[in-house]
Amino acid sequence: MHAGTRRHTTRLIPAALAAGLLLTACGTGAGSSTAAEPAAKVTVTPAGGNSAAKLGSPISVKADGGKLTAVEVKDDKGAKVPGRLAADGASWTSESNVRPKTTYTVRTEAKSTGGKESKATATFTTEQPEKINKLINTPGNGQTVGTGMPISILFDHPIATDRRAEIEKALKVTSQPHVEGAWGWVKDWSGKDRIDWRPKDYWPAGTKVSVRGGLGGINSGDSGYFARDYDFDFTIGADHKAVIDVPSHTLTMYADGKPVGTIRGSAGSPQDPTRGGVHTVRSKNAAETMDSSTIGHGNEWMLDSKWVTHLTASGTFLHSAPWNQSIGVVNNSHGCFGMTTSDAKRIYDFLPIGSTVEVKNTTSTKKTDVGNGLEVWQENWQQWQQRSALK
């Protein structure tokens, strides 16, 4: 019996080994099936190829037969392109349009419906448009300005009317504390297109302002595109203003709403009265030559002046007038407000760029256009809001 048992055991071992090989074979068969399963098909738009990719749309990544598990897009400067993955993982879209003449690299990871993982890389280069639309922003980044300063953006090339709403939406203004305001489209004195943002009321002193212009890749019309974003920050300084009363030949300075000094001067003559309303100081110049030909008076005069504070682009200034023997007695200028040199320096120092100068009781009936300088306060709030392309 003992010997027989040994023989029986010897026969069972090969059977057990055979069963183990069969399981292994089954496992190997399952792995081969997974390997044969197709990976999720990932499509990138715009696509790479022999020709440059068209402008005017965001980057789109889609997965067919599965979902995206990771998407990374970088431009040719190594900057990451932000985007959003759909909740179902089937697509990813960049937050902004592709930019002109830029190479993008798109790296993706995906998983098929059966669980197969895959990775892929795609590249494409965008076309160069006929025009790159650049801009000049006022105030400049980091500048401290007065409480009446608008945000002004001057464009290099014309902006098509049907493109203005998208451009306006791409421009964001935030401030601390929060200040209500609105964008408005303006024709600059130079003839170029401009968009300004003004607060409903004057800025509070000390306000911190940030402007984020997500313009890169946006079509501006007439074969033009923006090549990049424009972001800048500035600060509102002290609350300094001035009020000119034309009949009394005076300019009164105000700090935080209280009068802090009065200066006598000469405003425009009855033939060339000083323009009324609220003007914004747009620039300043320590020394300047007053040329009559620049304001339509031919070659009548060429005079050197100091401490020149510019209001309108058409030539309404506050400045020294040492040639005038009737300062503070007669209004005899060609529209400016002339003072002694020492008083002009006092005003020059007191009024920062972006502060306001209100001209009262003038005989001038001319309406100063908003684009004739930074003249946003020539309109009331309701009038200003009508300039928005989003109304």
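Over the face of which residue does Lys 345 lie, and at what distance from the ring centre? Lys 345 lies over the face of Trp 307, 5.0 Å from the ring centre. These legends describe a predicted model, in which local features need pLDDT of at least 70 and side-chain atom pairs count only at pLDDT 80 or more, while totals for chains, interfaces and linings use all residues. Residues are numbered from 1 along each chain as its sequence is written, and side-chain values use heavy atoms, with hydrogens and water left out.

**View A. Charges over ring faces.** A charge sits over a ring if NZ of Lys or CZ of Arg is within 6 Å of the ring centre and within 35 degrees of the ring normal. Besides Lys 345 over Trp 307, Arg 228 lies over the face of Tyr 230, at 3.9 Å from the ring centre.

**View B. Aromatic pairs.** Rings of Phe, Tyr and Trp (its six-membered ring) pair if their centres lie within 6.5 Å, and planes under 30 degrees apart count as stacked, over 60 as edge-to-face and the rest as tilted. By this rule there are seven aromatic pairs. One of them joins Trp 203 and Phe 234 edge-to-face, with 6.2 Å between the centres and 90° between the planes. Trp 203 lies in the loop between strands S14 (193–199) and S15 (208–213) and Phe 234 in strand S18 (residues 230–236), so the pair ties together parts that are 31 residues apart in sequence. Here strands (E, at least two residues) are DSSP runs, numbered from the N terminus. Buried means under 20% relative accessible area, exposed over 50%, and partly exposed in between (1.4 Å probe, protein chains only). Trp 203, at 3%, is buried, and Phe 234, at 2%, is buried too.

View C. Most residues other than glycine have a negative phi, and most peptide bonds are trans. The bond from Thr 138 to Pro 139 is cis, with omega near 5°, and Pro 139 lies in the loop between strands S9 (135–138) and S10 (144–145). A cis bond also joins Gln 176 and Pro 177, with omega about 0°, and Pro 177 is found in the loop between strands S12 (171–176) and S13 (181–187).

**View D. A positive phi in a loop.** Asp 256 is not a glycine, although its phi is positive, at about 55°. Asp 256 is found in the loop between strands S20 (250–255) and S21 (258–264), and is exposed, with a relative accessible area of 57%.

Key: Helix = DSSP H or I, 4+ residues; strand = E, 2+ residues; numbered from the N terminus.
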